[in-house]
Amino acid sequence: MSRLRSLQLIKTDSTTDAPAPGSAAERSVLVRAAQQGDVRAFAALVDAYYARCLRFALHMLSNRGDAEEAVQDTFVRVYRALPNYEERESFEPWLFRILANRCRSAGARERRRSEFVEFGEVPERANDRRHDEAIAWREEIARALASLPEEQREAFLMRHVEDLTYDDMAVATGAGISALKMRVKRACDALRLRLTEDDRARRD
Amino acid sequence: MHDETDETLARIAEALRPLPDVDPAEKARVLVAVATERERIRQHRVRVARRWKVSGAVGAVAAAGLVAAVWLSASRGEAPATQMASSTTAPASAPAPAAVDARLARDAKGLKAVQVVLRAPSAQRVSVVGDFNGWDSEADAMTRDPVSGLWSHTLTLRPGRHVYAFVVDDSMWMRDPRSPEAADEDFGRPGSVLLVGQP
């Protein structure tokens with residue numbers, strides 16, 4: 001990869017939610033360059049995927065410090081494992097496999113916390129009823145999500161938040177497609193039931 | 001069975017999809033951690049290569065001894081078995097490790113104290129990172145002079161070329177403005193070159 005090209009690729013917004021590099025071709029150029037030791041290409045991958053990885057880890061672990069640690073650990077392991085990465089695998093599910101493993105390990109260390117994280121762009125307006133409702137709704141979702149078994153939570157997030165295909169999820173989790181569909185269905189049923197009940201209780 | 005795309009699920013997914021705010025300092029720490037890992041891998045490779053070099057030299061000496069022993073025994077018309085055994089062990093412990101020790105002693109003798117200084121009056125914490133400490137921001141914390149606002153630290157370095165930078169408040173990575181910029185930036189981050197003279 002030329003130096004100019006890598007500079008262009010690295011020139012993304014480094015502080016906020018930079019999107020993943022657009023095309024699969026662009027991603028594979030970055031990954032190949034990183035495999036060959038191009039540190040700028042690796043930095044560009046971190047830049048592009050950090051926010052998404054953090055989102056997944058936050059939903060899995062419900063704790064910002066643990067999530068940031070899991071993401072950092074993930075990228076170090078990705079760097080270490082890059083020589084073994086084969087291009088016939090898609091990078092994203094491969095990355096999510098490592099991330100999901102780190103989250104499982106972190107989750108096993110620190111089971112169930114009562115702290116829930118807030119994120120997204122909810123405007124800070126005190127006494128704003130819609131704002132309070134939005135916060136309450138997010139907290140309910142966070143609680144409902146945290147109440148799911150880890151495997152179901154992971155499958156639900158991969159499918160409905162990260163938009164991975166079932167094939168990619170199979171790579172990321174090592175589980176079969178029918179098992180994954182069942183986990184997603186159970187997660188959906190449980191979330192729907194719990195949140196509908198909560199919603200009803202709030203209205204009453 | 002409900003359709004996976006029903007309204008409640010759509011609202012749940014919508015609430016979960018916004019990307020979180022990213023702390024730039026945390027992202028910077030990821031790159032520092034990866035740079036540290038990169039250096040660890042590099043040093044491991046150097047150690048392995050050195051080990052091979054030393055064992056190769058030992059092997060060559062042993063092989064030479066073996067050939068000499070076989071040649072001697074052949075010229076004397078003796079059976080070579082016992083001499084072969086002694087020749088493979090005796091030279092192995094003599095010249096090569098001595099050479100390594102001598103080199104290490106020379107290295108230790110050639111270490112130089114180098115003071116690095118950075119003016120950053122409002123910083124809370126500054127450390128110097130470089131190839132000499134595996135880019136570890138915990139390894140060489142600098143000390144602040146309360147009057148001048150200068151941060152300083154003395155490094156003990158081997159002679160040669162070193163690349164280094166400063167990490168300010170665990171988040172900002174900066175090169176030393178008073179030293180030449182390194183061409184081989186690490187992870188797209190600027191570094192400076194430090195040349196430590198030969199003894």
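What share of the contacts in chain B with a separation of 6 or more comes from residues 24 or more positions apart? In this predicted model, such pairs account for 65% of those contacts.

Chain B contains four helices and seven strands. Of the 199 residues in chain B, 36% are buried.

Three strands of chain B form an open sheet. Their order is E1-E4-E3, and the pairing is antiparallel. Strand E1 (112-119) and strand E3 (143-144) of chain B are the edge strands, each pairing on one side only. E1(B) is joined to strand E4 (residues 150-157) of chain B by eight bridges. These two strands run antiparallel. Within this pairing, B:Leu118 stands opposite B:Trp151 of E4(B).

Cysteine pairing was examined next. A disulfide is a covalent bond between the sulfur atoms of two cysteines. Over all chains, the structure holds zero disulfides. A:Cys53 is in no disulfide, and its nearest cysteine sulfur belongs to A:Cys103, 8.8 Å away. The cut-off for a disulfide is a sulfur pair within 2.5 Å. The sulfur of A:Cys103 therefore lies too far for a bond, since the closest cysteine sulfur, in A:Cys53, is 8.8 Å from it. Both residues are shielded from the probe: A:Cys53 is buried, with a relative accessible area of 0%, and A:Cys103 is buried, with a value of 1%.

Note on methods:
Residues numbered from 1 in each chain as written. Chains lettered and ligands numbered in written order. Predicted model: local features only at pLDDT ≥ 70, side-chain atom pairs only at ≥ 80, totals over all residues. Heavy atoms only, no water. Buried < 20%, exposed > 50% of the residue type's maximum accessible area, 1.4 Å probe, protein only. Contact = heavy atoms within 4.5 Å. Pairing = 2+ DSSP bridges.
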